[in-house]
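The briefing below is meant to be read alongside the view.

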Protein chains: 4
Amino acid sequence: MIITIVGGGSTFTAGIVKSIALRKDELEVDEIRLFDIYKERQDKVAVVVKWILDEELKSGIKLTVTYDEKEAYDNADFIFAQMRVGLYAMREQDEKIPLKHGCVGQETCGAGGMAYGLRTIFPMMKVIDDAEKYAKPTHWILNYSNPAAIVSEACRVLRPNARIINICDMPIAIIDVVAAAMEIKDKQNIVYDYFGLNHFGWFTKIEYQGKDILPDLRQYIKEQQILLPAAYLKDKQALASSNDKNRHTKGSWYYVWKGVYEIMENFPDKLPNTYLNYYLQAKEFVEHSDPNHTRANEVMESREANLFNGIDKYLETGVIDEKVFYAGSHGDWIADLAIALKNDTKQRFLIITENRGTIPNMPYDAMVEVPAYIGKNGPEVISRDPIGLFEQGLMMQQLNCEKLLVQGAIEGSYEKVLQAFTLNKTIPSMSVAKAILDDMIEANKEYWPELK
Amino acid sequence: MIITIVGGGSTFTAGIVKSIALRKDELEVDEIRLFDIYKERQDKVAVVVKWILDEELKSGIKLTVTYDEKEAYDNADFIFAQMRVGLYAMREQDEKIPLKHGCVGQETCGAGGMAYGLRTIFPMMKVIDDAEKYAKPTHWILNYSNPAAIVSEACRVLRPNARIINICDMPIAIIDVVAAAMEIKDKQNIVYDYFGLNHFGWFTKIEYQGKDILPDLRQYIKEQQILLPAAYLKDKQALASSNDKNRHTKGSWYYVWKGVYEIMENFPDKLPNTYLNYYLQAKEFVEHSDPNHTRANEVMESREANLFNGIDKYLETGVIDEKVFYAGSHGDWIADLAIALKNDTKQRFLIITENRGTIPNMPYDAMVEVPAYIGKNGPEVISRDPIGLFEQGLMMQQLNCEKLLVQGAIEGSYEKVLQAFTLNKTIPSMSVAKAILDDMIEANKEYWPELK
Amino acid sequence: MIITIVGGGSTFTAGIVKSIALRKDELEVDEIRLFDIYKERQDKVAVVVKWILDEELKSGIKLTVTYDEKEAYDNADFIFAQMRVGLYAMREQDEKIPLKHGCVGQETCGAGGMAYGLRTIFPMMKVIDDAEKYAKPTHWILNYSNPAAIVSEACRVLRPNARIINICDMPIAIIDVVAAAMEIKDKQNIVYDYFGLNHFGWFTKIEYQGKDILPDLRQYIKEQQILLPAAYLKDKQALASSNDKNRHTKGSWYYVWKGVYEIMENFPDKLPNTYLNYYLQAKEFVEHSDPNHTRANEVMESREANLFNGIDKYLETGVIDEKVFYAGSHGDWIADLAIALKNDTKQRFLIITENRGTIPNMPYDAMVEVPAYIGKNGPEVISRDPIGLFEQGLMMQQLNCEKLLVQGAIEGSYEKVLQAFTLNKTIPSMSVAKAILDDMIEANKEYWPELK
Amino acid sequence: MIITIVGGGSTFTAGIVKSIALRKDELEVDEIRLFDIYKERQDKVAVVVKWILDEELKSGIKLTVTYDEKEAYDNADFIFAQMRVGLYAMREQDEKIPLKHGCVGQETCGAGGMAYGLRTIFPMMKVIDDAEKYAKPTHWILNYSNPAAIVSEACRVLRPNARIINICDMPIAIIDVVAAAMEIKDKQNIVYDYFGLNHFGWFTKIEYQGKDILPDLRQYIKEQQILLPAAYLKDKQALASSNDKNRHTKGSWYYVWKGVYEIMENFPDKLPNTYLNYYLQAKEFVEHSDPNHTRANEVMESREANLFNGIDKYLETGVIDEKVFYAGSHGDWIADLAIALKNDTKQRFLIITENRGTIPNMPYDAMVEVPAYIGKNGPEVISRDPIGLFEQGLMMQQLNCEKLLVQGAIEGSYEKVLQAFTLNKTIPSMSVAKAILDDMIEANKEYWPELK
């Protein structure tokens, strides 16, 4: 039993590996392979991973670190795909170019997400083709590479028969935050309903111990004027008392979570995915943003720097720094998905999948994010009632934006990509869309397909 | 044979009446009735109308001017509905409030159109009910009251069996401009295909003498960098040489027609309805706008003032001023529609009608604007192929905005109306939507249903 | 915790009660109530039920036998509905009238099923209304009254908000037969996919221990030239060697199970529900039938006579006959469904439910039979791919037949009911449909709504 | 301007040519070409055609008689396709094989129609391909080859871009009969609505001089107990008084027209296409049929014999027999269609076309028969409301039968063709379907694609 991690050089790799190793018995895993195209990064990450597997957990799992497709995929059972094409340097561009034009600059939403999508579509197809070529015929690709909406639409169009499950951890992260706020310890017992596109959806029901906790949560959000992740909760009072509206004090994520409050104040019926904030409060988000220092900078300066500097120091000194080497098992959700597929557990997950009637008033061929029971034959998606006009209107705009982008990438059509940019809710006009697109073409020339 | 004009006090009434009178033989019309709730205006307009019928054309058609529903509708064959609820004073509000918040302020598009819609829905239902009560059972209401998209959706929901045909003259006006640009004299021989929502659509084919003239038109627009109506064409050189970007020099319509060029430069495939400019180039339109002097002001200062001052002067002096009394027959299109219904001519018109599969990839219950053959049983709408992703995405956003607004009006739901405002492409965020809506509630309190 | 059995006088009641009592712990059941309108029958059945609860199982569950709606439904948690309106005397008519006209005479299929449906629709609505009135607000009605397709369509139309789950045991019975044939002991571990209308569907996949057993089953059926239930399996050789084609020798069920072979010989891809035999091999079934002695007669002479004569004998003599008193727990499936609802087990069941996109190429409002995960909020139905043209064509014919019948019943429309009969695949022409319908109106005049 | 008639050897050719020649001015036709694969027949028919063009009408139109594809299609403007693959010898088989098994034996309905369809699909594709290769790029194929439903579905699947309009004259023939019954002379002024599949539809409205004549027609049919074509009308009394139920007295068409009465007696709302009789009164039709002497025999003994014997006699004697040489202009409808396409007349025709939302509750890809306005760009099809459950149920069964047949032909799939036969309403069971199919495979082995 072999699990291959594509994008092995990610700072998240250690956490994923830890989650896998902790489920060794259920997964019956013999070997983990790290595969990346960025050698320097992966070689460093592998130092930590090796320590976790051999020293910390004494797991007995073999570790392979490779830069060769055949070695990476050969006979693999599961491929965990977590690519970041262009790394943080390009993410920085994705965020800063739109901001320069007064628009939301974000990793997966709006113009930034579209730029990232155009970089990722074809590398993702290569993963699918390599897996098809080398891995076990019964392999599964678990794909959580961003921007997941665009990547999964491209899979649907270009590789409709791929053995791939597209999935996103953001709903899970939101439920974590809900659990913390509601002081629920056994968050795995929270059951929720949700619908939408990826990074563009709504929780319609959240139940715990047979009780709908949405009313309590609504009350909590109303009182706090924010829904905060655990990391912030301890500083809640400090944050609340701060009169400082400057984003540097509060961090870019602060306003994302604040957005949930703003949206629910007006539309209290459902709990929105935090990403809806970028679409529904685009103007306000831009106002809170610093066009010269975005989240890409934050990440490079903190998470990235901490890990790679820490490893460098270890390689120099041989002394292990716990803050660097001890990973949290933040890949539990993806390891659980592998278990569900392998052991036919029929556990419930949100997945990104072709609609095919599941949401009756969305197109048949929309890639939607909905609950499914997962077993060894893959997902059994749950049918739901038609959605409301507000959500349908927003989703159709966003969906067709994503579809046009993918078609534009495949056909190399400047016009279609411009239509995608023009249609996007975060962009205020066709002329602005064109200005951003033209800047992005320049910035992405090493990565994008040529657009004519 | 009786034709009732609802909104008889409009400055357009004289032109409509003239078109009717010139078709006296085909329409076999015996009596025209003017009906309005604004007595002072209608009494003045009636002076001109009477002069046209009796003096200018010696038509022999009886004129009735009334403020009583029964007298207005009794035994009528056709009701021409052209209401403007709140007159130009409220239109000024519709235009200025959004501009104050940095958004497109326009009569029928965006927030302004929604405000106007909320004023018009219930008065329009009263027209339908009164016609049902008093007019001939075979009566037809020809409705071109704005905002037509919202008004016709409200008819569909509230009076699904009304004998009403919703129609808009903007596509006809655009074809007039095309004819002028292409130097076509017999514009009635131009045949076109079109799809969209009202004030939100595209010409897909324009044929004259068996030839597709879209390529020539495209070339013309590219060269001129604008598509101009005849009134402007004579000043084309002056306009072109003018370096002045100030809208006062060029007039608000100048930028509307300029927008066609901007859109076709990027998306040359179709000829957009000029109104799409407000949605696709919203930001640029706001930049060209003067928030203290909008088109409502232009109209009040020119068309309205000219007519009513002229009539006042005549009433004082008894001297007829030709510029005031001689109307163009600018109601030809609506009189032709009446002829088609009466005489079963199967002439081709664009109408606003429930989709019912006509555009296969739009909802069954969307009110769409599409070609139909008109005969005495009403319209026979022409089926068409699925539309493109770009147009579908834009239309779904706009359609659901309109549907939410109508539902909000009927249910008195603040939340649904706010969803409508938030969804609209001319409004950059939920918070801005709320700010505009709250200002508009205040400004419209005499007119709107209460929203809770 | 109270369970009410509507149709308590059924010969199946004892088996249902036994299944409930054996699940006493999971169901936490305190009281079982038997309710019927046929006093004589229910009083006798209650003798056996009481013996099972008190003597055989010493269950401690209270038994109430009632003929009063309020007493029956008051505060009930679950209502198990198993009505047979008109009893076997009317079933005999349902079977014999069509046969007289050369058509399939069957309890739930064809003309017989439609007659039975017209008797059952309104009594079923009374059950729903009484439950709504008297039972707990959280009650569930588990309805397995036949003809389930028609009854559940009527529920959908007339009581769309009823807390009812419509379910049928035939797929379960077929899987039992499959398990016996494949020599699988733990049949609860067989997982299957299925789609269709009630009594009109197909198994598309049958898995056991992670393996698709359809190929083996296909081979078995091919070799045996029949799929036989366990009761017949022991006599297989005798049956096989018998050259006698007379149905009296082989029993009416023999040919039903034989039909599976005939259908799979031509269309081996799926395992058909046995009832499809009546539609696809209608002519052959009529040829095997004895118009003077149908299954209703078989049942009255065997199951009905055995039970009621046995009870009479006991009441006379006080001696218990084991063959009469010892019931099999043949209500396991329905008791398990109650447990899933009560304890949120998310067990997988086939249910009859409104389609709402689940089968994308069937109408939104079709009542279809498909797999669902059942929890305390009711069913979560699994979306599936579009079905094939053959199955869609058959299902649309049958579906619209059922819909027309229900509409005809509600509107009292002779024309719609005649359309239903004419559309049915078991009836060869409109004139034959009319002849059968007219005979049935006469036979059912005490039961049917008047048709004009 | 060149018109090519494919199937020039048909007994209908003379009438078609006459209709063309009489419209010489509107069609501006220079040359008519007859093309066939049956030389002996076409050479004889050409004798009559030549006489009509040169002697009777002195038309000045050039006649070409050819057996070479290139010569036939070269530079042609219109291709009139009226093939009969296998001639009357095979039609006789189509009618007699089903009757032998107790089923409707008919040229285009039921098993006979399917057999004929399997013979015609691929020859029709050859016509399209040859036209594509040799004819003008702007050519139109007007196809009225039977069985039109199956042929047009095959065109849709195999040649979706063909410049073909599929059309059937049966609705026109029915309107002729209605006109005769209602004593309307100017039948071209009758306007009707209609929906269905080809040979499987309903008139929903028939108007003349602005009045709905369906109520009068209904009354007429009720009184006469039949709707009779003009040819029979003169003998009405004799027919009515005849007690003889033997079909030989009354002719096979008598019962077809009688069927309209039988259907309208029960379902008076619409006027059915006469062909529905074969589906709704299948059993009765079989009872009236003589399995040893069918309509193919009638035609061979009368129309075919009269023409070819007459021509033989002329060729021997040189004496013209008027009954043989004088053709009625029974191709008016198809010549008018050519005029509409050529001269952009926007005349209204029923055509067979892909549904694409026209009938909202039929599949997008159904070939339906509906009204359209015809101009030089082809048909503009009229959208309509959803159809009733009865008609939808019947149509779905028949539609999927036709689709399965076409798929079966393309894939060479015995199973799909058997599914088509099993699904057909005229065939009472799968086993009967198989027996007929196997006989037909044998009879058609020179014509059908191989089925495995």
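Predicted model: local features only at pLDDT ≥ 70, side-chain atom pairs only at ≥ 80, totals over all residues.

What follows treats the contacts between chains, the relation between two of the copies, and one residue within a chain.

Between chain A and chain B the buried area is about 3100 Å², while chain C and chain A bury about 1700 Å² between them. Chain A and chain D, by contrast, do not touch, and no contact joins chain B and chain C.

**The interface of chain A and chain B**

- This contact draws 35 residues from chain A and 35 residues from chain B, and carbon and sulfur atoms give 62% of the area of about 3100 Å² that is buried there.
- On the side of chain A, the residues that lose the most area to chain B are A:F267, A:L389 and A:M430, which together account for 21% of what that side buries.
- Two or more residues of the side of chain A that touches chain B come from each of α13 (252–266), α15 (282–288), α19 (389–411), α20 (414–423) and α21 (430–443) of chain A, and α19(A) gives the most, with eleven residues.
- Sorted by residue class, the side of chain A that touches chain B has 16 nonpolar, twelve polar and seven charged residues.

**The interface of chain C and chain A**

- Here 21 residues of chain C are in contact with 21 residues of chain A, and 40% of the buried area of about 1700 Å² lies on carbon and sulfur atoms.
- The rule finds six salt bridges across the interface of chain C and chain A; in one that joins A:E207 to C:K376, the closest N and O atoms are 3.1 Å apart.
- Polar contacts across the interface of chain C and chain A number 15 residue pairs, with both residues at pLDDT 80 or more.
- The elements that give two or more residues to the side of chain C that touches chain A are β8 and β13 (378–381) of chain C, and the residues of that side divide into six nonpolar, five polar and ten charged.

**How chain C and chain A are related**

- Chain C is superposed on chain A by a rotation of 180° with 0.0 Å of shift along its axis, at an RMSD of 0.0 Å, and the two copies are thus related as by a two-fold rotation axis.
- Of the interface residues of chain C, 100% are also interface residues in chain A, so the copies meet through the same surface.

**Chain pairs without contact**

- The closest C-alpha atoms of chain B and chain C lie 13 Å apart, and for chain A and chain D the nearest C-alpha atoms are likewise 13 Å apart.

- C:N198 is found in the loop between β7 (190–197) and β8 (200–208) of chain C, and C:N198 is buried, because its relative accessible area of 4% falls under the 20% cut-off.
- Beyond its neighbours within four places in sequence, C:N198 is in contact with C:N146, C:A148, C:A149, C:C168, C:I352 and C:E369; with C:E369 there is also a polar contact of 2.8 Å that joins the two side chains.

How values were computed
Residues numbered from 1 in each chain as written. Chains lettered and ligands numbered in written order. Heavy atoms only, no water. Contact = heavy atoms within 4.5 Å. Buried area = accessible area lost by both parts, 1.4 Å probe. Helix = DSSP H or I, 4+ residues; strand = E, 2+ residues; numbered from the N terminus. Nonpolar A, V, L, I, M, F, W, Y, C, P; charged D, E, K, R; others polar. Buried < 20%, exposed > 50% of the residue type's maximum accessible area, 1.4 Å probe, protein only. Polar contact = N/O pair within 3.5 Å; in protein donor to acceptor, adjacent residues only side chain to side chain. Least-squares fit on C-alpha atoms with pLDDT ≥ 70 in both. Salt bridge = Lys/Arg side-chain N within 4 Å of Asp/Glu carboxyl O.
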